[in-house]
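The sequence and structure come first.

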Amino acid sequence: MLATTSPISYRQLPLRLYQIGPKFRDELKTRFGLMRAKEFLMKDMYSFDVSEEKAGETYAIVSAAYDRLFKQLEVPFVKVNAATGMMGGSVSHEYHYISPVGEDTLLQCSSCGFAGNSEVLDVKPESPVSCPSCKGSDLKEVRGVEVAHTFVLGDKYSKPLGATFLNTSGKPQSLVMGCYGIGITRVIAAALEVLSSEQELYWPCLLAPYDVCLIGPKQGSKEQSAAELIENELLSKVGKLCGHQELLHDDRKELTIGKRLLEAKRLGHPLTIVVGAKAAQQDSPLLEVHLSKGEKLELDINEALKLVAEHSQHKKNLLNCSFLQDKEEYISQSAGQQH
Ligand SMILES: [Zn+2]
């Protein structure tokens, strides 16, 4: 598009264009649901700069944003130097989740966690490689699922296509490009694959469809009326703490608690609160609170509300990136480490 419009001015740069949309691939071996499918959702961005140096600055800024995003998702990830062969260009990194179902082979250092793509580390069968980061020698092969990729493309595409801008002296000059992608559906599938067990889903905090699931007493049970008073109190108080759109109220009272709890566990809500028989105890009503990873607690109402509040606070902290001790410093650090 930038090759066919009249040349833009250096004043309009940097230009960063992104889109989020479905992609189609004639995949012969579809596997693992959303992990390798014929249709998937992708965020891709192309950047246009006046020089290699400016493209490098853009690369640092976008890489820092990607690093933040993957930290916010709280799924362990590794960032590896990538081979730039197919797409050309000079600098490139891949973001991987480590999982046995991954299709890429990575070498990971057991001392410092550094990981590299085996093509890039130039592994020869006879000579053992050492870790480029800590010089340790204990590198083991792991499988990685690629979830994002960043490239500086240089003028590899802009030159042949004639995509230029007018420089300060009014002369046309090739745009210097970068390309950045996140496999959105794959992030979701791979995150669930990494975190979940056969019995239960486990969501990254920020991706869970709901924060809390509330299950009330069964219709016609002897605890129904007493427990419903507490259920209603929780509906309003939990909703206020985490936001009503984050609270899933399973009000299918014709179903047993056990049946609804089983479904809630399969959906992997971070917190599931059950208002059952023990909630009808007059002196000390107790709730069953199920956390992800099979943990179960018996709590009174205030303790349960405290857990909800803590969860909401953790989510807010993630959204604010408060896990970064010094946001400015973090961004300038990432700007320095392009290799
Ligand atoms: Zn190391």
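**Entry 1: the zinc site.** I looked up the geometry around the zinc ion and found that its 4 donor atoms subtend angles of 103 to 114°, which makes the arrangement tetrahedral (four donors count as such if all angles lie between 85 and 135 degrees). The coordinating atoms are the SG atoms of C109, C112, C131 and C134, at 2.3 to 2.4 Å. Donors are N, O and S atoms within 2.8 Å of the metal (3.2 Å for Na, K and Ca), and water is not among the atoms, so sites may look incomplete. Along the sequence I read the donor spacing as C-x2-C-x18-C-x2-C.

**Entry 2: basis of the values.** I note that this is a predicted model, in which local features need pLDDT of at least 70 and side-chain atom pairs count only at pLDDT 80 or more, while totals for chains, interfaces and linings use all residues. Residues are numbered from 1 along each chain as its sequence is written, and side-chain values use heavy atoms, with hydrogens and water left out. Helices (H or I, at least four residues) and strands (E, at least two) are DSSP runs, numbered from the N terminus.

**Entry 3: T150.** I located T150 in strand β8 (residues 139–154). T150 counts as buried because its relative accessibility is 0%. Its side chain makes a polar contact of 2.6 Å with that of Y59 (a pair of N or O atoms within 3.5 Å; within protein, one must be able to donate a hydrogen and the other to accept it, and residues adjacent in sequence count only if both atoms are side-chain atoms).

**Entry 4: helix α1.** The buried residues of α1 include Y59, S63, Y66 and F70. After α1 comes E74, with a positive phi near 60°.

**Entry 5: the largest core.** The largest nonpolar core has 23 residues, and Y66, F70, Y97, V147 and V187 have the most contacts inside it (buried Ala, Val, Leu, Ile, Met, Phe, Trp, Tyr and Cys residues joined through side-chain atoms within 4.5 Å). I found that α1 gives the most to this core, with 5 residues.

Terms used
Buried < 20%, exposed > 50% of the residue type's maximum accessible area, 1.4 Å probe, protein only. Tetrahedral: all angles 85-135°; square planar, octahedral: opposite > 155°, others 65-115°.
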